[in-house]
Amino acid sequence: MKTLDDLLRVGVTGRRVLVRSDLNVPLSKADGDTAREVTDDGRIRASLPVLEKLLDHGARVIVAAHLGRPKGEPDPQYSLRPVADRLATLLGRPVEFALDTVGESARLMADGLGDGELLLLENVRFNAGETTKDGELRAEFAEALALLTGGEDEGGAYVDDAFGAVHRAHASVYEVARLLPHYAGDLVQEEVAVLRRLTDDVERPYVVVLGGSKVSDKLAVIDALLPKVDRLLIGGGMCFTFLKAQGHEVGDSLLEADQVETCRRLLAEAGDRIVLPDDIVVSADISDDSETEVVRADAIPAGMKGLDIGPVAVHSFAAVLAEAQTVFWNGPMGVFEVRPFAAGTSGIAEAVTSAGGLTVVGGGDSAAAVRALGVDENRFGHISTGGGASLEYLEGKDLPGLTVLEEI
Ligand code: ADP
Ligand code: MG
């Protein structure tokens, strides 16, 4: 795999370089005339080093990125405009912003770029060719993107730095890489290097903490990790399907009835390696002033929802984490967005930072939780920018965006 440094060694002054970045950040809700704002800029900050390197070396940088899930056509609520503003602030340099992806605005602005200048294209998912299953349409869009650089003959190059999108066979991630000399950006390299330490020659004890809302999203990773881990601690909305599989009632908590059987199988396979919470914070509703109660995990009252792990669970999870030499944490322990249900996630964040060895946080909401709850990011070994991508890597799946970078 060629890297950004390989490209810089050849020289990029005056060349147009298409960079795929992951700028898929949460925005404040649209509210009348007030513009939406970036509420967590972690992914933008993680994208800066590659952009800065290219600009410092005199490249003409064209950034392609997606935001949210628009339906293949322009949709103002998913505009990258607020991201362009934040990017300009963080870079401390002007950011040109194209009103389309490969249309007249993008073409004119790409042609007009000077050395060391940067253009951000509008959301690539405003073009149906980005995500469509129709390979021809994807290829067509990829070609138009590649052409913004002038193509290989005019010095065009492609750098993939969007780790959060490498599990997608999308035009701006996959097809376009085949049309231009292609390089892995620093963020992609760093993420892969860290994830490799969670799969090969792992230092033990290896403890994985999983939470979040849905078991079905994470079954594949549980299956893949179970044989490798010493302990798998399960909290969040997904623990209730496991508790049900143990024969307990879970009230009105999140439950995926069609996964109970699978959870029963996993529990049987895992022996004492899967650890479930001892106690649960329950409430009848979810609001900032909800009345809460802590109950034993095997005694959740009818009509109540389990919304966080309880203090005893935090304590026993923390005790396991204190012994760990490698930790991977994905998925909040409760509905951390609402104050009465944030303590479990805070407590586990704290415990993860206190573990020895390598500590990795993966998952969009988990990373946002760490920042929202005010835990110092630097106390973790690594906070992954890619939720789905990091899980699929750990599942041992083939990631199209990485595979294509290996091709010559
Ligand atoms: P990540 O993005 O880190 O992979 P997920 O998307 O899987 O995490 O899950 C995050 C969501 O899970 C959060 O919005 C949180 O509110 C929700 N969640 C956590 N615990 C519960 C629970 N007990 N009941 C309902 N939702 C929960
Ligand atoms: Mg999520």
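**Salt bridges and a covered helix**

Author: The structure holds 24 salt bridges, a salt bridge being a side-chain nitrogen of Lys or Arg within 4 Å of a carboxyl oxygen of Asp or Glu. This is a predicted model, in which local features need pLDDT of at least 70 and side-chain atom pairs count only at pLDDT 80 or more, while totals for chains, interfaces and linings use all residues. Residues are numbered from 1 along each chain as its sequence is written, chains are lettered from A and ligands numbered from 1 in the order in which they are written, and side-chain values use heavy atoms, with hydrogens and water left out.

Reader: Why can side chains pair like that?

Author: Side chains can pair when they carry opposite charge and their charged atoms come close.

Reader: Which residue does Asp-111 meet in a salt bridge?

Author: Asp-111 pairs with Arg-16, at 3.0 Å from N to O. Helices (H or I, at least four residues) and strands (E, at least two) are DSSP runs, numbered from the N terminus.

Reader: Is Arg-16 buried or exposed?

Author: Arg-16 is buried, at 13% relative accessibility, whereas Asp-111 is exposed at 55%. Buried means under 20% relative accessible area, exposed over 50%, and partly exposed in between (1.4 Å probe, protein chains only).

Reader: And what about Asp-56?

Author: Asp-56 forms a salt bridge with Arg-93, and their closest N and O atoms are 2.9 Å apart. Asp-56 lies in helix 2 (residues 42–56), and Arg-93 in the loop between helix 3 (81–91) and strand 3 (96–97), so this pair links parts that are 37 residues apart in sequence. Asp-56 is exposed at 57%, and Arg-93 is partly exposed at 26%.

Reader: What does Glu-249 pair with?

Author: Glu-249 meets Lys-244 in a salt bridge of 3.3 Å, N to O. Glu-249 is exposed at 52%, while Lys-244 is partly exposed at 27%.

Reader: Which residues do shared partners join into one network?

Author: That network consists of Asp-40, Asp-41, Arg-45, Arg-86, Arg-371 and Glu-377.

Reader: Changing topic, how many residues of helix 13 are buried?

Author: Seven of the eight residues in helix 13 (residues 387–394) are buried, so the helix is mostly covered. Among them are Leu-391, Glu-392, Tyr-393 and Leu-394.

Reader: What follows helix 13?

Author: Helix 13 is followed by Gly-396, which has a positive phi, near 85°.
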